[in-house]
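Please open the model in your viewer and keep the selection panel at hand.

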Amino acid sequence: MKLGLLSTANINAQIIQGAAETDRVDVAAVGSRDGARAQTYAAEHGIPRAHSTYEELLEDTDVDAIYISLPNGMHHEWTMKALAAGKHVLCEKPYSRHPAEVEEAFDAAEAAGLILTEAFMYRHHPQTKEIERLVREGAIGRLRSVRSVFSFALTDLTNVRADPELAGGALMDVGCYCVSGARIVAGDPVSVLAEQVVGETGVDMATHGTMRFWDDVVAQFEASFLAPERQALEIVGDGGVLRVAAPWRVDWGGELRLERNGNSERVEVELANSYRLELENFAHATEFLASPLLGRGDATVQARTLDALYRSAAEGTRIAV
Ligand SMILES: NC(=O)c1ccc[n+]([C@@H]2O[C@H](COP(=O)([O-])OP(=O)(O)OC[C@H]3O[C@@H](n4cnc5c(N)ncnc54)[C@H](OP(=O)(O)O)[C@@H]3O)[C@@H](O)[C@H]2O)c1
């Protein structure tokens, strides 16, 4: 698959590294708002072609698929343009907090016979699959609750994450992982309740959320730009607990532990590059060799849940998802 990078975002580095580790994907081109930046970026990363506008990248006939690493608020517009140009799309998380945009994008992709998938890279990692398997097979008994955190200190308020016009905010940036991480074991939320701390730029600098699921399962999370770097996921059943030290950025390192009957055992997980696995799944899907791991259903429920959490915080009440 010949991939075009739409922007010179920081996160591209992970995708370029992931592509370097597989023979399924070649990074063929990059597009930037700034032609000189595109040229420099292409030269630095050994990318064959540089385009001075995003439109020019979409017109590149030697590109099969586009990786959209724009700020959140631009994901939908450029996904629609990329699909209209006949390209498959891997779009960074969170696709959008607006369910209607997700539906519109998947309608367009399906009508054109193209793959669209949301880039929750941690979902592709063997650790995540092991967590899903352990819970599904009853390793912790009946699921009762989930707790998670994803935080880091955002001090540069010129960062896209602090810009309300670009759909910044802690819930969008890191909270979307906590929502996703609860959903992999608990399914789709029924209702949510959220408290937010809004910063001087107008985005939520922290969101503390509660999600209620079917079968009386409750998940709580903290997504924050106001705390040191932390990530953790704790999944509690009536017969044990799974503790995941590095649930989202698995490459930052940490153990998966299963505690039950007074014992704590380390669960061995294969080392792997989430971004390589994500790219391989995307490439295989475009060749009809695999289903995309993350499709319409997942992205729609993600957007519905994020939207409900924002509305809950604004209205000070529980919101049905
Ligand atoms: N999956 C992951 O592990 C992961 C990790 C980090 C971020 N992300 C996601 O990736 C996306 C990008 O995040 P990032 O931290 O990499 O962003 P970033 O470094 O700030 O890059 C965003 C890029 O978007 C382009 N852009 C277009 N209009 C812009 C505007 N008005 N302001 C700023 N940039 C603009 C710029 O590229 P040009 O100037 O070249 O056009 C810029 O380099 C977000 O959706 C984020 O949630 C995912």
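On a 1 Å grid over the protein atoms alone, a pocket is an open set of points where a 1.4 Å probe fits, with protein on both sides within 12 Å along at least five of seven lines; lining residues have an atom within 4 Å of a point. A volume is the space filled by probe spheres set on the points, which are joined across faces, edges and corners. The model is predicted: local features need pLDDT of at least 70 and side-chain atom pairs count only at pLDDT 80 or more, whereas totals for chains, interfaces and linings use all residues. Residues are numbered from 1 along each chain as its sequence is written, and side-chain values use heavy atoms, with hydrogens and water left out.

**The two domains**

Colour residues 2-120 as domain 1, and 122-293 together with 298-320 as domain 2; these bounds come from an automatic or database domain assignment. The C-alpha centres of the two domains lie 24 Å apart. Their contact (heavy atoms within 4.5 Å) takes 33 residues from domain 1 and 34 residues from domain 2.

**The largest pocket**

Next select N10, I11, V160, R161 and D173, which lie nearest the centre of the largest pocket among its 36 lining residues. The space in this pocket is about 1000 Å³. Both domains give residues to the lining, so the pocket lies between them. Helix 7 (170-186) and strand 7 each supply at least two lining residues, and helix 7 gives the most, with three. Helices (H or I, at least four residues) and strands (E, at least two) are DSSP runs, numbered from the N terminus. The lining has 18 nonpolar, ten polar and eight charged residues; Ala, Val, Leu, Ile, Met, Phe, Trp, Tyr, Cys and Pro count as nonpolar, Asp, Glu, Lys and Arg as charged, and the others, Gly among them, as polar.

**Strand 7 and its partners**

Select strand 7 (residues 143-153) and strand 11 (residues 226-237), which run antiparallel and are joined by nine bridges. Two strands pair if DSSP finds at least two bridges between them. In this pair, L143 stands opposite G237.

Move to H125, V250, G254, E270 and L271, which lie nearest the centre of the second largest pocket, lined by 20 residues. Strand 14 (263-267) and helix 8 (274-286) give two or more residues each to this lining. About 300 Å³ of space lies in the second largest pocket.

**Helix 4**

Which residues of helix 4 are buried? Select residues 75-84: H75, H76, W78, T79, A82 and L83 are buried, that is, under 20% relative accessible area, with exposed over 50% and partly exposed in between (1.4 Å probe, protein chains only). Their cover includes strand 1 (2-6), helix 5 (99-112) and strand 6 (116-119). After helix 4 comes G86, with a positive phi near 85°.

**Backbone exceptions**

Most residues other than glycine have a negative phi, and most peptide bonds are trans. Zoom to K93 and P94, which are joined by a cis peptide bond with omega of about -20°; P94 lies in the loop between strand 5 and helix 5. In the loop between strand 7 and helix 7 select A167, whose phi is positive, about 60°. A167 is partly exposed, at 23% relative accessible area. Finish at N261, in the loop between strand 13 (256-260) and strand 14. Its phi is also positive, near 50°, and N261 counts as exposed at 71% relative accessibility.
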